[in-house]
Amino acid sequence: MASIFISHSKRDEDIINLFSRAFAQTTMRAIFEEFENYVIPPWPKIRADVQQSSASFVLLSPNLNATEYTQNWVSFEVGLACAMNKPVWVYEQFNEPVQFPIPYLTDYVLYDPHLREHLTAIKNIVEVYDPSPSLIGLGFGALVGGLISGGLGVGVGAVTGAALFQRRREAFPIRCPHPNCGIRFNIYSVLAQLPCPACRQEFQINWPQAPQLPGTP
């Protein structure tokens with residue numbers, strides 16, 4: 001079974017449950033490591049799980065900064081994903097910025113855990129990595145419809161999904177303008193200002209017009 005590695009804090013039960021629900025609607029497996037269940041040292045198991053995963057998700061929350069132990073392990077997991085050229089998706093809740101820089105990431109998602117549309121969007125991101133050919137493209141398109149167009153929903157995504165997936169790295173690219181950062185990543189939100197997930201410095205974004213359904217003004 002294809003899998004995605006999840007970097008998280010075990011204290012975030014609500015967030016873990018949210019992502020578990022999203023994965024439960026797919027054929028993908030979420031790998032939530034709980035180190036105390038392993039024989040010491042745990043890092044060989046973590047390395048193997050990151051290696052076999054199609055991507056890594058980082059669930060940002062204040063609890064990641066609760067202990068140096070959690071900080072160090074999350075940084076280690078992201079470093080492994082970087083060294084293995086795995087996509088790293090950083091998830092952060094709206095209006096809850098977390099001062100936890102992720103120097104390497106490929107995609108940044110701001111989400112509201114209370115919106116059903118965003119749960120669907122998370123599921124569709126997961127399905128991008130499903131090896132089933134019938135799901136490739138449709139899932140990513142629905143993600144764009146749910147998070148980018150902000151109200152047009154899954155319909156637009158289903159129409160444009162295949163083309164957007166083929167150009168995933170060119171879909172909505174952002175480059176942090178700060179000279180001490182400059183990292184490039186994809187973002188899935190239409191906020192005019194946000195903190196860079198790599199350096200946590202804020203910057204402005206001039207967004208292109210959201211896609212429209214054919215025949216609408």
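Predicted model: local features only at pLDDT ≥ 70, side-chain atom pairs only at ≥ 80, totals over all residues.

Me: Which elements do Phe19 and Tyr91 sit in?

Reply: Phe19 is in helix α1 (residues 13-24) and Tyr91 is in strand β4, so the pair ties together parts 72 residues apart in sequence.

Me: Is Phe19 buried or exposed? And Tyr91, buried or exposed?

Reply: Phe19 is buried, at 0% relative accessibility. Tyr91 is buried too, with a relative accessible area of 0%.

Me: What about Trp73 and Phe76, how are their planes set?

Reply: Their planes are at 80 degrees and the ring centres 5.5 Å apart, so Trp73 and Phe76 form an edge-to-face pair. Both residues lie in helix α3 (residues 68-83), three residues apart, about one turn of the helix. Trp73 is buried at 17%, while Phe76 is partly exposed at 29%.

Me: Which residues do ring pairs link into a cluster?

Reply: Phe19, Phe23, Phe57, Trp89, Tyr91, Tyr111 and Tyr188.

Me: Different topic. What volume does the second largest pocket have?

Reply: About 160 Å³. Its lining has 13 residues, with Asn95, Pro97, Leu110, Leu191 and Pro195 nearest the centre.

Me: Which element gives the most to that lining?

Reply: Strand β8, with three residues.

Me: And how do the lining residues divide into nonpolar, polar and charged?

Reply: Seven are nonpolar, three polar and three charged.

Notes
Residues numbered from 1 in each chain as written. Heavy atoms only, no water. 1 Å grid on protein atoms, 1.4 Å probe; cavity = no way out; pocket = protein on both sides within 12 Å on 5 of 7 lines; lining within 4 Å. Points joined across faces, edges and corners; volume = space filled by probe spheres on them. Helix = DSSP H or I, 4+ residues; strand = E, 2+ residues; numbered from the N terminus. Nonpolar A, V, L, I, M, F, W, Y, C, P; charged D, E, K, R; others polar. Buried < 20%, exposed > 50% of the residue type's maximum accessible area, 1.4 Å probe, protein only. Phe/Tyr/Trp six-rings, centres within 6.5 Å; stacked < 30°, edge-to-face > 60°.
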